[in-house]
Amino acid sequence: MATLAASVAPSRRSDDRFFLFAAVAMTVVMVAGFSVQLAAGRSTFSAPLLVHAHAIVFMGWVTLYLFQNIFATTGRLALHRRLGWIATGWIAAMLILGCSVTVAMARRGQVPFFFRPLHFLVFDPLSLFTFVGLTTAAIVMRRRTDWHRRLHFCGMSMLLGPGFGRLLPLPYFEPLAWEATFAVSMIFPIAGIFADLRRVGHIHPAWRWGVVTMIGSLLLTEAITYSSLGQGLYRVVTAGSPGALVPPLAFAPPPVGRLITGRTPPS
């Protein structure tokens, strides 16, 4: 038994280090993405209150995820559990505010020009629902640490698109701008798979469930976007708004002058 414990402990410590370092890297991606946007003058504090609320809650989750990994790695499990229950309630606010911002942008006809409006209306909420599904599964399996942290990790990876999207030159990736951010975000679960192979010689099944779910969300997004269901969804969401006049699958021309995100509605 002592020999078994001695062999398991280094593997667990290595596992802890990987997830902590990855959480730090994810936080850096998100902070860097939004900081670059602000420094380049493409963000403005005059954005609607809804956008600010979304940003605060979104970055709050990034902070919660980072500290959860810090507490788990340093053995402060009581704090980890308490913060976990706060995080559980946080998910609902993220889903509500995230979908609300997406709908508001589509209705104002202010979807970023390198995204198709209908595509944006589908992939943003569906990414959030995938995050919620993976994170909920992680919470349900919280007593199985190996599953818990890997499913959480895949859920967090689904949220990295906005961070990477602000670091990548997305206009040059048109018409596959969103697919590019998704592909880059997949680097994290792929790194987790290779880390498992290096440490224990096999892939944990949680990675398979997580990665298949993520790829499934990508395929479902594409299927809905280019279907009659997607067209009907766009009509319902944008009815009676400026967005109804915007072709759902057409790219808008690049703006004249500096690109400003989170714009206020035109007067």
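Phe113, Phe114, Phe115, Phe120, Phe123, Trp178 and Phe182 form one aromatic cluster. The model is predicted: local features need pLDDT of at least 70 and side-chain atom pairs count only at pLDDT 80 or more, while totals for chains, interfaces and linings use all residues. Residues are numbered from 1 along each chain as its sequence is written, and side-chain values use heavy atoms, with hydrogens and water left out.

**Aromatic pairs**

- Rings of Phe, Tyr and Trp (its six-membered ring) pair if their centres lie within 6.5 Å; planes under 30 degrees apart count as stacked, over 60 as edge-to-face and the rest as tilted.
- By this rule there are 16 aromatic pairs. One of them joins Phe18 and Phe153, whose ring centres are 5.8 Å apart with the planes at 35°, so the pair is tilted.
- Phe18 belongs to helix 1 and Phe153 to helix 5, so this pair ties together parts that are 135 residues apart in sequence. Helices (H or I, at least four residues) are DSSP runs, numbered from the N terminus.
- Phe18 and Phe153 are both buried, where buried means under 20% relative accessible area, exposed over 50%, and partly exposed in between (1.4 Å probe, protein chains only).
- Phe67 and Phe71 make another tilted pair, at 6.0 Å centre to centre and 50° between the planes. Both lie in helix 2 (residues 49-73), four residues apart, about one turn of the helix.
- Phe67 is partly exposed at 38% relative accessibility, whereas Phe71 is buried at 12%.

**Salt bridges**

- A salt bridge is a side-chain nitrogen of Lys or Arg within 4 Å of a carboxyl oxygen of Asp or Glu; the count comes to six.
- Arg149 and Asp16 form a salt bridge with an N to O distance of 2.9 Å. Arg149 is in helix 5 (residues 145-157) and Asp16 in helix 1 (residues 2-39), 133 residues apart. Both residues are buried.
- Asp196 pairs with Arg150, the closest N and O atoms being 2.9 Å apart. Asp196 lies in helix 8 (residues 187-200) and Arg150 in helix 5, so the pair ties together parts 46 residues apart in sequence.
- Asp196 also forms a salt bridge with Arg199, at 2.8 Å between the closest N and O atoms. These two are three residues apart in helix 8, about one helical turn.
- A network of salt bridges links Asp15, Asp16, Arg149, Arg150, Asp196 and Arg199.

**Ser157**

- Ser157 lies in helix 5 and is buried, at 1% relative accessibility.
- Not counting residues up to four places away in sequence, Ser157 touches Met26, Ser185, Phe188, Pro189 and Met214 (contact means heavy atoms within 4.5 Å).
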